[in-house]
Amino acid sequence: MGAKITYAVTAAVLVVYFVLVGSRGVMLIQSGTLLTVTFGVAVLILPVIGIWFLWKNTQFVQRANRLAAELDSEGGLPVDELKRTPAGRIDRDSADEVFAKRKAETEDAPEDWRSWFRLAVAYHDARDTPRARKAMQHAIALHDGKPVRA
């Protein structure tokens, strides 16, 4: 629940920032000189890119949460079997062991979105965020019946 609140607060702050930046861009355009209009248009591009990025990330999170809820209802969420250091951090060797199991599971069932979901969690636990995201996108595409890029 804490992650959802943090995400919502961060998204709200970003939207306020986009509105402020956008208003500055409009003010620059209203000045009317070639230089300020050029800068104003450039400044307006930033919030557009930011809103698109926020929208795509929000969609990704919602889809991943939907898969997690479905997997939870099936009793298929991965069990936390990771060893932790005294400080509470995940032990690297433990994460590697779990990752090897999840990777083998995914290689055995490459068309099963559930195995890709669990692989994404293993990548995340191993602190490989880019691969975790790609594995989750793969799981989402398989779940939704969309073509999957290799």
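Me: Which residues is Ser-94 in contact with, leaving aside its neighbours within four places in sequence?

Reply: Contact means heavy atoms within 4.5 Å. By that rule, and with neighbours within four places in sequence left aside, Ser-94 touches Glu-81, Leu-82 and Lys-83. Please note that this is a predicted model, in which local features need pLDDT of at least 70 and side-chain atom pairs count only at pLDDT 80 or more, while totals for chains, interfaces and linings use all residues. Residues are numbered from 1 along each chain as its sequence is written, and side-chain values use heavy atoms, with hydrogens and water left out.

Me: Is Ser-94 buried or exposed?

Reply: Buried means under 20% relative accessible area, exposed over 50%, and partly exposed in between, with a 1.4 Å probe and protein chains only. Ser-94 has a relative accessible area of 4%, so Ser-94 counts as buried. In the chain, buried residues make up 29% of the 150 residues.

Me: Where is Ser-94 found, and how many helices and strands does the chain have?

Reply: Helices (H or I, at least four residues) and strands (E, at least two) are DSSP runs, numbered from the N terminus. Ser-94 lies in helix α3, residues 92-108. The chain has five helices and zero strands, in the order α-α-α-α-α from the N terminus on.

Me: Which residues touch the most other members in the largest nonpolar core?

Reply: A nonpolar core is a set of buried Ala, Val, Leu, Ile, Met, Phe, Trp, Tyr and Cys residues joined through side-chain atoms within 4.5 Å. The largest one here has 18 residues, and those touching the most other members are Leu-67, Trp-113, Trp-116, Phe-117, Tyr-123, Met-136 and Ala-139. Two or more residues of this core come from each of α2 (34-73), α4 (113-125) and α5 (129-144). The most come from α4, which gives seven residues. A second, separate core of five residues includes Leu-82, Ile-90, Val-98 and Ala-126. Leu-82 is also one of the contacts of Ser-94.

Me: What radius of gyration does the chain have?

Reply: The radius of gyration is taken over C-alpha atoms, and the globule rule is 2.2 Å times the number of residues to the power 0.38. For a compact globule of 150 residues the value would be near 15 Å, but the chain has 21 Å. Along the principal axes, the C-alpha atoms fill a box of roughly 65 × 40 × 25 Å.
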